[in-house]
Amino acid sequence: MNDASTFEAWAARARQESAPSLDIAASVLRRIEATEPRREVGQLWLVCGGVSMVAASLMLVAAVSCWQVLTDPLAGLFTSLVMVMQ
């Protein structure tokens, strides 16, 4: 017998056997309920959220000032003309 036929014989024998019945749901649920939730992860998300809010507010201030310049790019020239006309 070569390795392939040996393996096929083992596979045929395994197909004839029935699978053992195990009920592990209760032990798994007890183990899950016994574990304490990790609180450090929640604090990390709060810190990251706060940092991102600060970064977003800084970007908003920069975007508003850029938007005001872009709405009328020649406003700087006209303010000097208004001063001359007065």
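How many disulfides does the structure hold? The structure holds zero disulfides, a disulfide being a pair of cysteine sulfur atoms within 2.5 Å.

This is a predicted model, in which local features need pLDDT of at least 70, side-chain atom pairs count only at pLDDT 80 or more, and totals for chains, interfaces and linings use all residues. Residues are numbered from 1 along each chain as its sequence is written, and side-chain values use heavy atoms, with hydrogens and water left out.

The protein chain has four helices and zero strands, in the order α-α-α-α along the sequence. Helices (H or I, at least four residues) and strands (E, at least two) are DSSP runs, numbered from the N terminus. In α1, 14 residues reach 20 Å from the first C-alpha to the last, close to the 20 Å expected at 1.5 Å a residue; the expected span is 1.5 Å times one less than the number of residues.

Of the 86 residues of the protein chain, 0% count as buried. Buried means under 20% relative accessible area, exposed over 50%, and partly exposed in between (1.4 Å probe, protein chains only). In α1, the count of buried residues is likewise zero. The accessible surface of the protein chain is about 8600 Å², with 68% belonging to carbon and sulfur atoms; areas come from the Shrake-Rupley method with a 1.4 Å probe, and for residues only the protein chains shown count as cover.

| Residue | Relative accessibility | Class |
|---|---|---|
| L22 | 73% | exposed |
| C48 | 42% | partly exposed |
| C66 | 46% | partly exposed |

L22 lies in the loop between α1 (3-16) and α2 (25-34). With I24, V28, L29 and I32, L22 forms a nonpolar surface patch of about 520 Å² accessible area together.

Key
Patches are made of residues with over 30% relative accessible area and no salt bridge: like charges are joined within 9 Å, nonpolar side chains (Val, Leu, Ile, Met, Phe, Trp, Tyr) within 5 Å. A salt bridge is a side-chain nitrogen of Lys or Arg within 4 Å of a carboxyl oxygen of Asp or Glu.
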